[in-house]
Amino acid sequence: MLNQTLVTEFLLLGVTDIQELWPFLFVVFLAIYFANVAGNGAILMIVTSDPRLHSPMYFFLGNLSCLDICYSTVTLPKMLENFLSTHKAISFLGCISQLHFFHFLGSTESMLLAVMAFDRFVAICKPLHYAVIMNHQLCTQMAITIWTTGFFHALLHSIMTSRLNFCGSHHIHHFFCDVKPLLALACGNIELNQWLLNTVTGMIAMGSFFLTLLSYFYIITHLFCKTHSCSMLHKALSTCASHFMVVILFFAPVVFTYVHPASGSSMDQDWVIAIMYSVVTPLINPLIYTLRNKDVKRALSRVIRRRV
């Protein structure tokens, strides 16, 4: 008979058990977190305050910046706290809540990237109909739909995970609560949970990735077939380059984590990969969009001049 106990808390083992590295890692991740909040907060402030940026592209960019701030806030503050403490406990309710919001914001961002790719497809391939197709009502409906879908997708995982029985060790080999590390601690039948993770989460991730690639395929095909000016071709491709970089950096580790078959050694790799899409990607998004986007740079300079 398995020893099943009522779990009240878990222990997050974090990224390393070498205590001498904790102060250094605390400073590094604290700087990353502040840079993330400052960078994405600046973009959010610019796209909401500058009337010149009140277009579908920047409406979705504002959503992305908001998501990135929240996404890293779900995991990084608890990681920073654990660097300063030897008792790295998180309550059962706190663990399930962290799992819920992580999957809520992560799945929402994956769908948002697909919507942003569709927006670029309409802007480049259907420029005369862009204002009619990407009207304010449709943009608002798409944003509400992906946020709502992400919430209920995460709710499914959080409810199913909270109903599991846990026995033996309560040590989570990760720096935050996620479905895969918790399934490794569960006793009993976890086939349904594993199926939901691989199928439902996999469908959202791979579906969004496929639709994003499809949009870019049509964009590139349209540009090479219809555009005869090299300068116009370069300008159009440059417009999409920043977004495509974000897509690759986000989807590649997500697909590797949630779609590939689980293995005994995968747990040691998952936290490294998780840092890529939950910490690094939200940090570089503002850098990519501000350094490669002239409209955002001009709007930022106008804000700085007004402040000065």
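This note goes through the cysteines and the nonpolar cores of a predicted model.

1. A search of the whole structure finds one disulfide, and the two residues that form it are cysteine 95 and cysteine 177, with an S to S distance of 2.0 Å. The link is left-handed, with -115 degrees about the S-S bond.

2. This pair connects distant parts of the chain, since cysteine 95 lies in helix α3 (residues 92-125) while cysteine 177 sits in the loop between β5 (171-172) and α6 (179-185), 82 residues apart. Both cysteine 95 and cysteine 177 are buried.

3. Cysteine 66, by contrast, takes part in no disulfide, and the nearest cysteine sulfur to it, that of cysteine 70, is 4.4 Å away. Cysteine 66 counts as partly exposed because its relative accessibility is 27%, whereas cysteine 187, with a relative accessible area of 8%, is buried.

4. Turning to the nonpolar side chains, the largest core has 65 residues, and those with the most contacts inside it are Phe29, Phe60, Leu61, Phe83, Leu113 and Tyr277. At least two residues of this core come from each of several helices, among them α1 (22-49), α2 (56-83), α7 (191-226) and α9 (266-292), and the largest share, 13 residues, is supplied by α3.

Key
Residues are numbered from 1 along each chain as its sequence is written. This is a predicted model: local features need pLDDT of at least 70, side-chain atom pairs count only at pLDDT 80 or more; totals for chains, interfaces and linings use all residues. Side-chain values use heavy atoms; hydrogens and water are left out. A disulfide is a pair of cysteine sulfur atoms within 2.5 Å. Helices (H or I, at least four residues) and strands (E, at least two) are DSSP runs, numbered from the N terminus. Buried means under 20% relative accessible area, exposed over 50%, partly exposed in between (1.4 Å probe, protein chains only). A nonpolar core is a set of buried Ala, Val, Leu, Ile, Met, Phe, Trp, Tyr and Cys residues joined through side-chain atoms within 4.5 Å.
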